[in-house]
Amino acid sequence: RLVWRSLAGETVTDAERTGFWFDPAYEAFLDEVRRRTPKDVTIAIVVPSWPDVYVYQAAYQLAPRRVVERGRENEATFVAAYPYQALAGTNPEATAIAGGALFHRR
């Protein structure tokens with residue numbers, strides 16, 4: 001779709017040209033997950049199932065961390081949920097981050 005728009009002379013925004021064309025806010029979420037987690041952990045990513053690029057982008061952007069999908073949280077040290085809005089004080093294990101939350105499983 002973007003190629004056709006470009007060929008037609010339409011301006012394509014920077015956000016649309018990135019790997020996050022499907023959800024530009026997701027990039028900030030993954031940046032926070034990357035900053036807050038060690039490189040040698042497993043992270044379960046709980047994200048929308050469509051489009052399927054959410055999990056792909058997480059695996060790519062968070063490398064060398066191991067990324068597993070929803071349903072495999074028992075394998076992970078951290079669970080990153082997007083979109084997610086935690087209510088203040090309701091879960092001491094949750095850290096609110098851009099667009100979601102990061103849970104540290106102990």
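Mentor: A salt bridge is a side-chain nitrogen of Lys or Arg within 4 Å of a carboxyl oxygen of Asp or Glu, and please keep in mind as we talk that the structure above is a predicted model.

Trainee: Is Glu75 buried, exposed or partly exposed?

Mentor: Glu75 is partly exposed, because its relative accessible area is 34%, a value that falls between the limits of 20% for buried and 50% for exposed. Arg66 counts as partly exposed at 39% relative accessibility, and Arg72 counts as partly exposed at 36%.

Trainee: Switching topic, which residues do shared partners join into one network?

Mentor: Salt bridges that share partners link Glu32, Arg35 and Arg36 into one network. Within it, the side chains of Glu32 and Arg36 meet at 2.9 Å, taken from N to O.

Trainee: Where do Glu32 and Arg36 lie?

Mentor: Both of them lie in helix H3, which covers residues 26–36, and they are 4 residues apart, about one turn of the helix.

Trainee: Then why does Glu32 count as buried?

Mentor: Glu32 counts as buried because its relative accessibility is 15%, and buried means under 20%, whereas Arg36, at 43% relative accessibility, counts as partly exposed.

Definitions and conventions
Residues are numbered from 1 along each chain as its sequence is written. This is a predicted model: local features need pLDDT of at least 70, side-chain atom pairs count only at pLDDT 80 or more; totals for chains, interfaces and linings use all residues. Side-chain values use heavy atoms; hydrogens and water are left out. Helices (H or I, at least four residues) and strands (E, at least two) are DSSP runs, numbered from the N terminus. Buried means under 20% relative accessible area, exposed over 50%, partly exposed in between (1.4 Å probe, protein chains only).
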